[in-house]
Structures are given as C-alpha cells and as structure tokens.
Amino acid sequence: MDAGLDKVDAIWEKEVAIVDGIDISGPWNRMFEQRVVWEYTPELIDKVAALPGAESFSWCYQCAKCVPVCPVDMVGDYGPRKLYRKAQTGVDLFTSDDLWLCTTCMNCVRVCKKVVDMVKIMPAVREQAVLDGFVPEELQKAFEDTAKYGNPLGQSQRKRAAWTKKSDVPVPIMKDLKRPVDVLWYVGSYPSYHPRGIDAALAAARIFHALGVDYGILGREEKDDGDSQRLAGETGLFEMLAEHNISMFEKYEWNLMVVTGPHEYNAFKKEYKQRFGFDRPIQHYTQFLADRLDDLKPLLKHEVPLKVTFHDPCYLGRHHGEYDAPRALLQAIPGLELIEMGRCRENGYCCGGGGGGMWLDSFTQNHTVMRLSERRVLEAAAYGAEVLAVACPFEVSRFEDAAKSTGNDQLRVLDILELLDMSMRGVSA
Amino acid sequence: MNIVVAIKHVPSTADELELNDDGTNLDFDEVDFVLNEFDEHAIEQAVLVKEAAGGEVTVVGVDVIEELDGVLHTALAKGADKAAKIVGDIEPPINSHTHARWLADAIGEMGPDLVLTGVQAVDDLDGQIGPMLAAHLDMPYVGVVTGVSASNGSVTVHKEYPGGVMAEFEVSLPAVIGVQAAEKPPRYAPISKIRQMAKSAEIEEIDADEDFEYEGCELRQMAKPVSAGHAEMLEGDAEEVAEKIIALLEDRGLL
Ligand code: SF4
Ligand code: SF4
C-alpha cells in the first residue's frame, strides 16, 4: 500500500480552485498548503525506529551525504537517505526487497553527521522480518545449513578439520594436544571448507609453522561465528553459535586468539564481548603477523614481482580501523609493488559479502546492474593490478568469480597469506 | 481437523557415509541424523492446511538416536501444535515395516482425520511408510502428492504424473497422504522460536512395542558403488591441452 500517493492527489486537487465564482486554478495554490514532505505519514519511519537498535533511522535529515559513498548505490539505487524517503512515501522496509541489499559495510555511518546507523538498523528490522517469515530463499538455506551443520556452506561438521590432511606441516588440534598453547587459531568456515579458503588456511599453517608459533585449532569443536547471520536477522542462531564457541574457547588454555576472517574478528572482539562478556585478546591474522614482521621478513626469501592492489575488508578497516597491518605485510614481500585503488582505506569499496550478502547473490543481482564484487574487480583492473590481494575469506571466491564474469581473467585474486607463502617458498601461484 | 504428521529421522547425506565393519549397513556412530526432506514438506503442508481450514497439527516420529527433540521443537516453531516421540530401547537401523507399525500404533490412538507423511525417505528409499500406515489404520492412501486442500469431510489432493499430466483426487477422510512437495517451500523456523519451544514445549513420549519384529527381508550387504571407468583430466595451458587432445585422438586412430 502506498500511503503517500493519496496525499499527492489531494494536493494536486488544490490546484483547481474556484473562489467566489472566479477560477484561480494554478500551481500557485499549492503555496497555501504545507509542503508535500509534511503531508506524508511518519508511521513507517516510526515503525522502524521503534525497534531497539534502530532508533537512529528517524534522525535522518536527508542531507544525502550517505548516498554517493554507498557501494550498493554505485551499482543500483540505494542508501539510507533513500530508504528514509521511501518510508515517507509508503514503502514498508519490513517487507521491501530493500531490506536485504545493505551489506552493513558502514561507509554511510562514517559520513553521516546524524549517525544514522545502518549497521544496527538493518539487523533489527531483519530480525523482525525473519520472525514474521519474510526471508529470501537463498538466505534461508544458509541459515538452515548453519543451524544443522555449524557452517553456512552446508558441509559436514565432522569434516571441519578435514583440510588439515592436505597440509604438509602439522596442524595441531586442541583436543589431541591436551596442553595449553600460546595461540588459539580460529580457522573459520570458509577457510575450513571452501577450496580457495583452504588454500589460505594451508598457507597460514605453513607460515605459523615456519615462525614456530605454538598454536592449536579447534577442529570439529569449532562452529561458524554466526555474526553475518546475525546481521542478516538471525539473532537466535548467532546466540546459539556464540554459546557453543565460547564454551569451546573456555575449554582450553591459550593466551591469544588469532582469526582468519574479519567477520570473526568483529564477532569475537565486539559482539561476543558485548553480549556474552567474552573478553580475551584477539587479533586478525594480519595484525598477528605484522607484529612479528621482524621474524617473518627473513623468511620472505623469494621475490614476488607482481603489481598488487589491496581490497580493505569492511570489517577489518572501517569497522575496526585496521588499515596498516595488511599493507605492512604486503610491503614486506620482496619484489611486490603495492598500488592503491581510489576507493581504499576508510572509503574502501565493499565486496558485497557482508551482512548476509554472501548468501543473497541472486537476490541482490535482481536489484543491481552488476555485483559489488564485479564493480570492485573492474576498479582493480583499471589500475593495472595483476593481483587483487584480500584478507577476508569471503572475498577470494567472490572476486575470482567476478574477475571471470567481467572478462578479467588476467587478474589473480590472492589472500595475503598466499602471497606471503609464495614469497616464503618461492613458488608462483 | 485433527492432522497428524508422521516423520522420520534419517542419516544426513551431507556427510560422506561410512559403512560398518561387516558391511551390512551404515556406521551409525559416524553419521549425523536429520529430518527426512520429504517430511519437511509434509509438516509444511499440514500447517498450510491448518491455516486454511483450522484444526490442530501433531507431529510424531520414532526417536531412533535419541536426538528427535530438536526436530520436534523445529516443527512446533513452524506452527505444529503438539509433538510426540516413540521411545524405547531403540537403535538404528529401524526398517520401514517396524517404523510403520510403531507409528500406526501411536497415530491410531490420536484419532486423526488426516495423516500426512513424506512420500519417501533417503534411508530405505522404498516409499512404504505411507501405504503401510494406511493399511494398518485402514485408511485410503494417495502418494506423490504436491498439494492438499481440505473441505467438509474430504481433502482434494494434486498429483503430478510423468509427461506433464496433473490429476486431482478427492479423498474421503480419514486418509493417509504421501507428500512429495508442499504447495509452498517449507517455511523458516527462526532459532529463537525453536529455542523458546525447547524451553517451554512438552513432548509426549509413547512406548514402542519392542516385541514387534519384522522378518520379511534382511539387508545383506551395503557397499559403495565401484566406479566403472574414470575421467582423465588434461592439465596445462590451452596450447598444451590442445596438443594432448590431438595426441589422444591420433592414439585412438581418429585423426
Ligand atoms: S548522511 Fe545521514 S542524515 Fe544525511 S541523508 Fe544519509 S542517513 Fe540521512
Ligand atoms: S552500510 Fe553500506 S551498504 Fe548499507 S546503506 Fe550504508 S553504505 Fe550502503
């Protein structure tokens, strides 16, 4: 129902006015009415703002700073300003397809003077939509798989450590180690199951081994962090996974947790802490390795003579302010030339995988002219990069597919872990 | 309308299936169990009928590995009203005859107007639960159904035949229906609702008649299929692969 349109008609009617038998019809009559914007119902805005966490939706004053920085708007028609305006004109965000397009990349929040916070608004509204039974089919499958198997890829929980069999260095599993370790490495779902994610996990294992890190992984005791599911509206699933993971983290003794993915980093460092009081030292692998650069550098013996550009993961960069560690690692690789894209660091583009986007590919495609990952790959190619380096397990497969679909097969997509490993071992990818 | 859904907990095929040592069945300690996919549709269809025609939905299954509660809580979160599990000294595998016997004993007591069940299940793939339930309960059966609507005293069901022919049956109640697919894809049960159910819902326990023993046929051997041939992957860049293809064709006398 379009609540606003009736009002528009009513206002147009005012243009026709006959006063004391004199026809004074004309657009000027509208000046005697309130401006159109006042005529719209605030109900649908209030409906969003009434949800805990989504209050800031109603603070928008339509300045539009958020629109040009929104990665979805760049390939479609989006942004907080537009969502607010649509709500004024009768679009109910709870049932609109718009609800599922935001990747929670946080670029709008960065520039918004009113701190309209989509990173909180989206999960709040989506949670209600999920409870009311509005879930895009693809996303529903990812939710169900995560609930059943502990990972959104729908792979067996029992096989979570199967990738370690491919490793040429030992990958210790906590349950077998039966002793405290220095570092607990939370591997994550995509590095455990996705073929290209496994490549990064194997590289990480070799690097940790070469550095002599005393570490262990949880193996079959590890489950997905659940944060992207939470951002996509499945708070209950997130809580269930968080309770499981925290009980596993607490089962063993360790000093520092290292995570492969920025989403997991956000989950443990922020959400598990705020909601469950889990407060332990955590680092993303780029931070962990950058701190050990003095030990790492001598291992990087071989040149990797490639022109590399780096895609800042939203949940490492904007969400946690870490821009330097990944760059320090790339610059430590001999022969490697690091070039920056226009949209980098604070204004970095988004791969489209965050906030549930990872599991909404076809859905989002119906609302955008190209995938966000394709937009990004075109940018990397335009800068003449030979390699698009990433530091988030969501991104490798997204960008590789995008490189192919945009005809940029020459552009290789590699995790920083893989590039370090190449330099360590002297093999080319 | 009193609707009962008979469900089955079956081995998950997301796992690579391991066989037991004597090769007579799966190694049930090494597989996870999930709800039979067709039963998910039966539950959805039951809830749809309830929403359209009113009534009550009870979901019942045999608790094969003592992990059925989660499945039942999910069904309740999706809109079922009651849940029951058949318990006893039970260990997998339970063949479909025993399954049907126990389910029929339990369902008979519930006085159903309509019994829905998945048309088949991955564990035995014989599609017999529905027909056997109907036989035990002395009710009519229609299987491979893709939609059920209820009116006074009967249900109309749709069935799709090969070659694109559709049939519509009117089935007098009580009846057993084997569901191939619900009218709509199974709805999503938010985990928070499932967890609420886990806290508040009561699951009725029904004792299995453990004396019942089916001796009709016995599974003698289960094995993984032996692959007849294998594909040869040609590796290398385009030039190299092209050369290999030419060599191969020459080798077979085709060039
Ligand atoms: S930047 Fe903030 S205040 Fe301005 S239009 Fe966007 S959401 Fe509204
Ligand atoms: S969080 Fe990102 S994708 Fe969502 S509206 Fe803001 S800029 Fe757009």
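1. A salt bridge is here a side-chain nitrogen of Lys or Arg within 4 Å of a carboxyl oxygen of Asp or Glu. Across the interface of domain 3 of chain A and domain 4 of chain A, this rule finds 3 salt bridges. One pairing joins the side chains of A:Glu400 and A:Arg196, at 2.8 Å from N to O.

2. On conventions: this is a predicted model, in which local features need pLDDT of at least 70 and side-chain atom pairs count only at pLDDT 80 or more, while totals for chains, interfaces and linings use all residues. Residues are numbered from 1 along each chain as its sequence is written, chains are lettered from A and ligands numbered from 1 in the order in which they are written, and side-chain values use heavy atoms, with hydrogens and water left out.

3. Domain layout of chain A. The chain is divided into domain 1 (1-39), domain 2 (52-131), domain 3 (149-293) and domain 4 (297-425), the bounds coming from an automatic or database domain assignment. The centres of domain 3 of chain A and domain 4 of chain A, taken over C-alpha atoms, are separated by 21 Å. Their contact (heavy atoms within 4.5 Å) takes 32 residues from domain 3 of chain A and 36 residues from domain 4 of chain A.

4. Area between these domains. Buried area is the accessible area (1.4 Å probe) that two parts lose on being put together, summed over both. Domain 3 of chain A and domain 4 of chain A bury about 3,000 Å² between them, with 71% of it on carbon and sulfur atoms. Of the area that domain 3 of chain A buries against domain 4 of chain A, A:Tyr190, A:Arg196 and A:Leu293 supply 22%, more than any other three residues. A:Arg196 is also the partner of A:Glu400 in the salt bridge of point 1.

5. Polar contacts and elements at the domain interface. A polar contact is a pair of N or O atoms within 3.5 Å; within protein, one must be able to donate a hydrogen and the other to accept it, and residues adjacent in sequence count only if both atoms are side-chain atoms. The rule finds 10 residue pairs in polar contact across the interface of domain 3 of chain A and domain 4 of chain A (both at pLDDT 80 or more). On the domain 3 side, α11 (189-193), α12 (195-211), α13 (227-231), α15 (262-276) and α16 (285-291) of chain A each supply at least two residues. Helices (H or I, at least four residues) and strands (E, at least two) are DSSP runs, numbered from the N terminus. The largest share of this side, 9 residues, comes from α12(A).

6. Chain B against chain A. Here 20 residues of chain B are in contact with 20 residues of chain A. The two chains bury about 1,600 Å² between them, 48% of it on carbon and sulfur atoms. B:Tyr188, B:Ile191 and B:Arg195 supply 41% of the area that chain B buries against chain A, more than any other three residues.

7. Charged pairs between the chains. The count between chain B and chain A is 5 salt bridges; among them, B:Glu30 and A:Arg158 meet through their side chains at 3.8 Å, N to O. Helix α5 (residues 191-200) of chain B gives the largest share of the side of chain B that touches chain A, 4 residues. By class, that side has 9 nonpolar, 2 polar and 9 charged residues. In this scheme Ala, Val, Leu, Ile, Met, Phe, Trp, Tyr, Cys and Pro count as nonpolar, Asp, Glu, Lys and Arg as charged, and the others, Gly among them, as polar.

8. Ligand surroundings (a heavy atom of the residue within 4 Å). The residues around ligand 1 include A:Cys60, A:Cys63, A:Cys66 and A:Cys112, and the shell has 8 nonpolar, 1 polar and 3 charged residues. Around ligand 2 the residues include A:Cys70, A:Cys102, A:Cys105 and A:Cys108; this shell divides into 10 nonpolar, 2 polar and no charged. A:Pro80 is listed around ligand 1 and also around ligand 2.

9. A salt bridge within chain A. A:Lys251 forms a salt bridge with A:Glu221, with the closest N and O atoms 2.5 Å apart. A:Lys251 lies in helix α14 (residues 235-251) of chain A and A:Glu221 in the loop between β4 (215-217) and α13 of chain A, so the pair ties together parts that are 30 residues apart in sequence.

10. Backbone features to inspect. The peptide bond from B:Pro92 to B:Pro93 is cis, with omega near 0°, and B:Pro93 is found in the loop between β5 (82-87) and α3 (96-110) of chain B. The bond from B:Leu173 to B:Pro174 is cis, with omega near 0°; B:Pro174 is in the loop between β9 (165-172) and β10 (175-179) of chain B. A:Lys178 has a positive phi of about 55° although it is not a glycine.
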